[in-house]
Amino acid sequence: MSRPELAGVAMWILGGSSVVAAWRVFRTDSMVRAAYWLLASFVAVGMVMVLLQARFLGLVLVLMMAGEMTIMAAFMVMFMMNPAGLNPMSMVHQHTTAKVAGVVAFAGLAFVGVAADFPDRPVDAASEPTAELGEELLGDSMLIFETAGVTLLATMIGAIAIAGKRGRFGNAQEGSAPPPVDPDAPAGPDARPSPMHGGHGGMHH
Amino acid sequence: MELQLLLVVSAALFGIGVYGALSQQTFVMIMMGIELMLNGAMLAAVALWAMSGAGAPKGQLLTVIVMTVMAVEAALGFALVIGIFRTRQADMTEMLEQLKG
Amino acid sequence: MATDADRDVDGIDEDAVSWSDPLPAVLLVGAVLVAGAYATSVLDTAAAHLVAGRRLRLGELVLGPWREAALLAHMRRSTTERPDVQTWALAPALLAGMAAVAVATVPLAPGVAVADVADGIVLFGAAMALVMVGVYLHGWSSNSVFPLVGGYRFVALALSYEMPLALVLIAAALPAESLSVGAIVESQQGLWNVVRQPLGLPLFLVAGMGLASWGPLGMSDGTDLAGGTSAESSGGARLVWALARRFVLVAVAVTGAAVFLGGWHGPVLAGGLWMALKTLVLLAVLVGVGHRVARIRLERFVVVAWAVLIPLALIDVFVSGALVL
């Protein structure tokens, strides 16, 4: 098989597995598995992007999502106290509505994708998309770069202000206490972790 | 042909994301649904850039923006979940039926 | 991954072995990883003896790793209550695979690279980000306390070293004006990056030590955690995990040698020999530090990483950028 043919076959396989992995996200009973199925979906899409010549973006997607999905998995275990998925997990609401909405969204978008007549102008194999992306991002006006940078800075400050117990001042751990086992009891320095708590998920500092 | 395939795949990713975001009760799982929608959008953007847009340099910027949106969504999502968990010990939507603090 | 991104580095003649063909590629990368892992174990034993002031016996040094491996391979495997068997098996494979991806992007001698792709340094970063997933999965899937704590520790460690790692690699790519590892090696003709960017290599080695969870940064599998993520694995599973962790260390050393120590550049000796020598030196440094420096507390390292290492890495990028201009 020639290189382009191989790339075509790989694209079919990767595209298919990204959809299967995405479906598994909501069909597994373990939080960590759900997070990593989502990562698998992202990695498959990232590799499709590499095959489509958007090499830098595809690899950066994998790099970014590996970190983000691990954080998601850690958060899930922290909140749910269900580390290995031993408790069956099905927490859904408005299931029928959600299914209908999902199918309608898929059908609508897929119809547009198949029916619309897109011009056939493939990317030039000799071009250097990474260099072009760099020129676009950091070239004359740097508009996108600046906007994204400022947005991310604002997000960082906002997220820390919301999440930190003391806002963005002081050590994040200062005066922090584990949430009480009894949901009605107030959280405070006196709340002691129960043995169950300290065991599996709670990473107390 | 390949373009159509990739667009159908991206539509499927988006559809699964819509289903997840609407059906899940846990905040983090809802975020996963949203990320899947963005994943589909990104795939469609890159597929159209590579196969129908002749690889115009500006096309890749759309993907950069989607990635920024993902980062913002994740950071703020986690921050809100932590904030809510701190004050209400809630990690599911049904626990927040009243929005009073 | 290696579609048409391969570039012939400097026009090798067509009759020579094409290292991007499947069989030579697998053999080359496998040989580098296995030889490097063996060298790591030998160096580890040697460093332990040297530090303790014991006399070195050659037989023990050369055969020790094999004896240990044979012992582990014959040992009975234990298991835990309801582990996640698939991800437990996947974790070492993921580590080994990502180490192989990293080695594949590095030219080991002039023209000998499995896939010197145009975005090699980004590929290295992505592969090393997936190492974090592998270690976390290894800790999580045994469904046991100490491994899970080890997994968490590694995530906290990884999120801290990842930024300095990415920044020093970007700085190294600046003089080459390319993200390909081959171009970075070529840009070091006459002046190695370790001299041009003195901050680069130390920061890279700190991050690399964290990546392989080795020595002072041995968070995931530390003895203070009863073995951490490998506390529940024994026998063959433990052997495979130990190998996979050494593979990551080797990948760090190979990449460091290529990106900061000038790769195959060097007088008199052949390029491949220089590369092997430099890799061994970096391995010796990485392994030796583990016997001289005590394990650092994770909280302290996280603070140092964000408050000291990232600013240092930024200075590295700014200075390197200014020098290019």
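The model is predicted.

Two packed helices are described by the angle between their axes and the distance between the axes. In chain C, helix α8 spans residues 200-211 and helix α9 spans residues 235-260. Their axes lie 9 Å apart, and the packing angle is about 165°. Angles over 145 degrees count as roughly antiparallel, so α8(C) is roughly antiparallel to α9(C). The crossing of the two helices is right-handed. On the α8(C) side, the contact is made by Gly200(C), Leu201(C), Phe204(C), Leu205(C), Gly208(C) and Leu211(C). Helix α9(C) contributes Val248(C), Val252(C), Gly256(C) and Phe260(C). By class, this contact has 7 nonpolar and 3 polar residues, and no charged residues.

A second pair in chain C joins helix α5 (residues 145-176) and helix α11 (residues 298-324). Here the axes come within 8 Å and cross at roughly 10°. Angles under 35 degrees count as roughly parallel, so α5(C) and α11(C) are roughly parallel to each other. The contact of α5(C) with α11(C) has 22 nonpolar, 3 polar and 2 charged residues.

The contact between chains A and B takes 73 residues from chain A and 65 residues from chain B. On the chain A side, six helices each supply at least two residues: α1 (3-25), α2 (31-51), α3 (55-80), α4 (95-115), α5 (129-138) and α6 (143-163). Helix α4(A) gives the most, with 13 residues. By class, the side of chain A that touches chain B has 49 nonpolar, 15 polar and 9 charged residues.

Note on methods. Residues are numbered from 1 along each chain as its sequence is written. Chains are lettered from A and ligands numbered from 1 in the order in which they are written. This is a predicted model: local features need pLDDT of at least 70, side-chain atom pairs count only at pLDDT 80 or more; totals for chains, interfaces and linings use all residues. Axes are lines fitted to C-alpha atoms, for helices over the stretch in contact, and angles run from 0 to 180 degrees between N-to-C directions. Helices (H or I, at least four residues) and strands (E, at least two) are DSSP runs, numbered from the N terminus. Angles under 35 degrees count as roughly parallel, over 145 as roughly antiparallel, 65 to 115 as roughly perpendicular and the rest as oblique. A crossing is left-handed if the near helix is turned anticlockwise from the far one by less than a right angle, and right-handed if clockwise. Two residues are in contact if their C-beta atoms, placed from the backbone, lie within 7 Å. Ala, Val, Leu, Ile, Met, Phe, Trp, Tyr, Cys and Pro count as nonpolar, Asp, Glu, Lys and Arg as charged, and the others, Gly among them, as polar.
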